[in-house]
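Colleague: I'm new to this one. Can you put it up and walk me through it?

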Amino acid sequence: MEPVVGTTPKVVRSEEEWRTQLNPAEFAVLRQAGTERPWTGEYVETKTEGVYECRACGAELFRSDTKFDSHCGWPSFFSPLAGEAVILREDRTLGMKRVEVLCATCHSHLGHVFEGEGYPTPTDQRYCINSVSLKLVPSE
C-alpha cells in the first residue's frame, strides 16, 4: 500500500506485525487496499446501535446513527465520526478516479466515499466501507 503523503500514522507497525495481528482477509483489505466481496460482510445489514472502530487499531470511525441502507453490498455511512477520524485520498486504480477512505490513526484502507448519488442523507455522501475493516462496539 502506498504511504500517505504529508502525515504520519499514530500507530505504526511493520508488515510482519500487521500480518501477525490480522487474519489474511483483514490484512488483504486493511493493509493491501483489497475489497471484500459484496454482500459477504458481517455489517452489511446490521442495525445494532454503537460505534464502529478500525479493526486494525481500534480508533473510533463511524457511529451507527450515520449508517444507512444503500443496497450496494457493503456497509454505508453518510459521515465519519469526526473530521479527523479518516483520511481521504485520490485513488486511480482500476482505471477510474475514486476517493479512498483510510483510518487516520493507522492509515489502514477502509473503503471509498462517493458523492452525488442521490441518497436521502444529510451529506449526499456514501462512505462505502468494508465490514472486515470495522469492529462494531454495541451501545450499552
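Colleague: How do strands E7 and E8 pair, and over how many bridges?

Modeller: Strand E7 (residues 109-115) pairs with E8 in the antiparallel sense, over five bridges. Strands are DSSP runs of E, at least two residues, numbered from the N terminus. Two strands pair if DSSP finds at least two bridges between them. This is a predicted model: local features need pLDDT of at least 70, side-chain atom pairs count only at pLDDT 80 or more, and totals for chains, interfaces and linings use all residues. Residues are numbered from 1 along each chain as its sequence is written, and side-chain values use heavy atoms, with hydrogens and water left out.

Colleague: Which residue stands opposite Arg 126 in E8?

Modeller: Phe 114 does.

Colleague: What about strand E4, how many bridges join it to E8?

Modeller: Two bridges join E4 (residues 76-77) to E8, and these strands also run antiparallel. Ser 76 stands opposite Cys 128 there.

Colleague: Why is E8 largely enclosed by the rest of the structure?

Modeller: Because five of the five residues of E8 (residues 125-129) are buried. Buried means under 20% relative accessible area, exposed over 50%, partly exposed in between (1.4 Å probe, protein chains only).

Colleague: Which way do the E8 residues point?

Modeller: Gln 125, Tyr 127 and Ile 129 point one way, Arg 126 and Cys 128 the other. In a regular strand the side chains alternate between the two faces of the sheet.

Colleague: Which residue meets Arg 126 in a salt bridge?

Modeller: Glu 117, at 2.7 Å, N to O. A salt bridge is a side-chain nitrogen of Lys or Arg within 4 Å of a carboxyl oxygen of Asp or Glu. Arg 126 counts as buried at 8% relative accessibility, while Glu 117 is partly exposed at 37%.

Colleague: How many salt bridges does the whole structure have?

Modeller: Nine. One of them joins Asp 91 and Arg 98, with the closest N and O atoms 3.3 Å apart. Asp 91 is buried at 9%, and Arg 98 counts as buried at 15%.

Colleague: New topic. Where is Thr 121 found?

Modeller: In the loop between E7 and E8. The Thr 121 side chain reaches the backbone nitrogen of Asp 124 at 3.3 Å. Leaving aside neighbours within four places in sequence, Thr 121 is in contact (heavy atoms within 4.5 Å) with Phe 68 and Phe 78.

Colleague: Last one. What order do the three strands of the open sheet take?

Modeller: E2-E1-E9, with antiparallel pairing. The edge strands are E2 (60-63) and E9 (134-138), each pairing on one side only.

How values were computed. Helix = DSSP H or I, 4+ residues; strand = E, 2+ residues; numbered from the N terminus. Polar contact = N/O pair within 3.5 Å; in protein donor to acceptor, adjacent residues only side chain to side chain.
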